[in-house]
Amino acid sequence: AKFALDTIQAKENKDRERALRYQGRLKTLGEGMGQRIKDLQAKIDRAQKGRERLNERICGLLGSGTIQIEVVRLNDTDRFTLRRQGQPARNLSDGERTAIAFAFFLTKLEEHKSMDDVIVYIDDPISSLDSNHVFQIYSVIEKTFFKKVAQPNGKEKWVTSCQQLFLSTHNFEFLEMLKKLPVGGKADERYFFVKRTSPTSSTLTDLP
């Protein structure tokens with residue numbers, strides 16, 4: 001009986017030691033997996049927040065929710081896909097492409113902690129858009145890149161929210177709108193004209 005008890009106890013001790021080793025390994029593995037899950041969840045959350053912000057901007061620019069961004073998982077990477085009424089969005093118009101690209105550009109700008117040192121260049125954000133969309137683009141630019149700041153005399157002054165803002169366009173209607181942006185004063189704004197000097201070169205001149 002003593003021999004049997006000693007044998008059983010020895011076997012149980014070995015099993016216990018083996019189980020404790022497994023427990024340590026599984027604990028380490030579980031901690032690593034837990035951190036991996038947290039990292040992936042954080043990426044998903046950022047992608048989802050970016051998707052929501054993009055959809056808000058696209059809806060504001062196009063005036064409808066027909067084009068939507070969805071997040072899909074592809075090769076362990078979050079990707080954006082365009083949907084129109086639940087189906088893959090194909091044959092996008094030039095206006096839709098421009099609005100989506102502009103919405104993405106503005107959303108990426110929000111990643112900067114401070115816009116004070118950022119120089120922004122926006123090249124003709126109204127390609128093939130009707131007059132309503134042109135006004136919406138103007139409103140977005142005004143709201144995003146201009147703000148009021150208090151002056152020592154107690155009054156407020158309009159300034160750009162970034163260090164410097166460049167806007168270019170070939171659309172005369174949009175140009176007239178841009179002239180109404182709340183720039184601080186004539187000393188704070190410049191207008192230039194791109195004049196072609198040859199088939200392969202051009203130069204900047206004062207706007208006529």
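Me: How many disulfides does the structure hold?

Reply: The structure holds 0 disulfides, a disulfide being a pair of cysteine sulfur atoms within 2.5 Å. This is a predicted model, in which local features need pLDDT of at least 70 and side-chain atom pairs count only at pLDDT 80 or more, while totals for chains, interfaces and linings use all residues. Residues are numbered from 1 along each chain as its sequence is written, and side-chain values use heavy atoms, with hydrogens and water left out.

Me: And Cys162, buried or exposed?

Reply: Cys162 is buried, at 4% relative accessible area, whereas Cys59 is partly exposed at 33% (buried is under 20%, exposed over 50%, partly exposed in between, with a 1.4 Å probe and protein chains only).

Me: OK, rings now. How many aromatic pairs are there?

Reply: A search of the whole structure finds 2, where rings of Phe, Tyr and Trp (its six-membered ring) pair if their centres lie within 6.5 Å, and planes under 30 degrees apart count as stacked, over 60 as edge-to-face and the rest as tilted. Tyr121 and Phe166 are stacked, 5.9 Å centre to centre with 20° between the planes.

Me: Which strands do Tyr121 and Phe166 lie in?

Reply: Tyr121 lies in strand E4 (residues 119-123) and Phe166 in strand E7 (residues 164-168), so the pair ties together parts 45 residues apart in sequence; strands (E, at least two residues) and helices (H or I, at least four) are DSSP runs numbered from the N terminus.

Me: What about Phe135 and Tyr138?

Reply: That pair is tilted, at 6.3 Å centre to centre and 35° between the planes, and Phe135 and Tyr138 are 3 residues apart in helix H3 (residues 131-145), about one helical turn. Phe135 is partly exposed at 48% relative accessibility, while Tyr138 is buried at 10%.
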